[in-house]
Amino acid sequence: MKTVVSLQDLVDHEIHPGPLVQEFHTRTASSMAALMTTPLEEVACQACGGADSVPAFAKFGLSYRLCSSCESVFASPRPSASALVEYARSSPAATFWRDRILDETRVVRAEKLVRPRAEWVADGIAEYCPDARHGIDLSPSGMPLQSDLTALAPDLTTFRSAEGRGREWTGEGPVDVVTAFDTLDRAADVRALVADVASVLRPGGLFFVTAPSISGFDFQVLWDRSPAILPPEKMNLLSIEGFRRLFDAGAWQIRELSTPGVFDVEKVREAMLAAPEADWPRAIRGLVLGTDESGRLELQAYLQRHRLASFARLIVRRT
């Protein structure tokens, strides 16, 4: 199973401008208040399906639980799938994200997020499924990926976006490639989504996934204080063990499981500087605040090598 280390030239504020993100958080608070008035549904662990869990924390009124088996974190009870679709379509928070943040960071995202993702998918296809011809993208706001990917993988003759189409895309199989960037973390039912992907992928087809990992350094240190855990986009925070169990050996073969995240150490550092009086673990304080920039980069590389960064990516092959 491949693990990739990549300290790319990317600065968090380039894709998440501070003032806009603060406004987004404000709008999320009011949008979530409205969403929480809809009926809520109890769910099991979104990674392993386990029913045994304990309270973890709460965000914007939504309760998160820690799976006792695989240590993934998930929101339960949660809004229904239809309520989440409507939230993504029309809530003030989602509208602001699309119209302001995505629009104002479109150029840098195209260069430093979309293009590298397209290169990763194209390289994965060339290595593991060179005869791939047809693909589907499940990502929210995934349209920019299509032009880059079809240019890099010209043999991929069709690559369609399923955005806004509900589950209609499940009737389009078999396909060779499915991509889902920033999708599992907001899915109403992760295990059902993965089962749907399995139903449309031909044997030998590839599933490309990016998602946050609760095993990551900044989530483990900051926990409920993490500004990145923002529902309902971040309802499902799978652990590394959770990813392994989600893609069990019977139906899937994991070809790559990496955590090439670049922001863990910096996010913890920013949190510590913003609240120096907080009861931070002394060892973590020394690692993050007691080292210079080169030391922090070395620490981030260590986290990547050992799958301890908070951004995960997977290439999974349908058996």
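1. D148 sits in helix α6, residues 143-152; helices here are DSSP runs of H or I with at least four residues, strands are runs of E with at least two, and both are numbered from the N terminus. With a relative accessibility of 17%, D148 counts as buried (buried is under 20% relative accessible area, exposed is over 50%, and partly exposed lies in between, with a 1.4 Å probe and protein chains only). Apart from neighbours within four places in sequence, D148 touches A110, V114, R115 and A118, where contact means heavy atoms within 4.5 Å.

2. A word on the source: this is a predicted model, in which local features need pLDDT of at least 70 and side-chain atom pairs count only at pLDDT 80 or more, while totals for chains, interfaces and linings use all residues. Residues are numbered from 1 along each chain as its sequence is written, and side-chain values use heavy atoms, with hydrogens and water left out.

3. Helix α2 (residues 18-35) packs against helix α4 (residues 92-104) at an angle of about 165°, and the two axes are 8 Å apart. The axes are lines fitted to C-alpha atoms, for helices over the stretch in contact, and the angles run from 0 to 180 degrees between N-to-C directions. The angle makes α2 roughly antiparallel to α4 (over 145 degrees is roughly antiparallel, under 35 roughly parallel, 65 to 115 roughly perpendicular, and the rest oblique). The crossing of α2 and α4 is left-handed, a term for a near helix turned anticlockwise from the far one by less than a right angle, with clockwise giving right-handed.

4. Which residues of α2 and α4 meet? On the α2 side they are L20, V21, E23, F24, R27, T28 and S31, and on the α4 side P92, A93, F96, W97, R100, I101 and E104. By class, this contact of α2 with α4 holds eight nonpolar, two polar and four charged residues. Nonpolar covers Ala, Val, Leu, Ile, Met, Phe, Trp, Tyr, Cys and Pro; charged covers Asp, Glu, Lys and Arg; the others, Gly among them, are polar.

5. Eight aromatic pairs turn up in a search of the whole structure. Rings of Phe, Tyr and Trp (its six-membered ring) pair if their centres lie within 6.5 Å; planes under 30 degrees apart are stacked, over 60 edge-to-face, and the rest tilted. F24 and W97 form a tilted pair, 4.9 Å centre to centre with 50° between the planes. Because F24 lies in helix α2 and W97 in helix α4, the pair ties together parts that are 73 residues apart in sequence. F24 is buried at 5% relative accessibility, whereas W97 is partly exposed at 25%. Elsewhere, F57, Y64 and W223 form one aromatic cluster.

6. Helix α2 also packs with helix α3 (residues 81-90), at an angle of about 150° and with the axes 11 Å apart. That makes α2 roughly antiparallel to α3. The crossing of α2 and α3 is right-handed. T28, S31, M32 and L35 of α2 make the contact with A83, L84 and Y87 of α3. These residues divide into five nonpolar, two polar and no charged.

7. Where are the cis peptide bonds noted here? One runs from S76 to P77, with omega near 0°, and P77 is in the loop between β4 (73-75) and β5 (78-79). Another runs from P231 to P232, also with omega near 0°; P232 is in the loop between α8 (217-222) and β10 (236-237). Most peptide bonds are trans, and most residues other than glycine have a negative phi.

8. D182 is a residue other than glycine with a positive phi, near 55°. D182 belongs to the loop between β8 (175-181) and α7 (190-200), and is partly exposed, with a relative accessible area of 27%. R307, which is not a glycine, has a positive phi of about 55°. R307 is in the loop between α12 (293-305) and β12 (311-318). Is R307 buried or exposed? With a relative accessible area of 16%, R307 is buried.

9. L257 belongs to strand β11, residues 252-258. The relative accessibility of L257 is 0%, so L257 counts as buried. Along the chain L257 and C48 are 209 residues apart, and their C-alpha atoms are separated by 17 Å.
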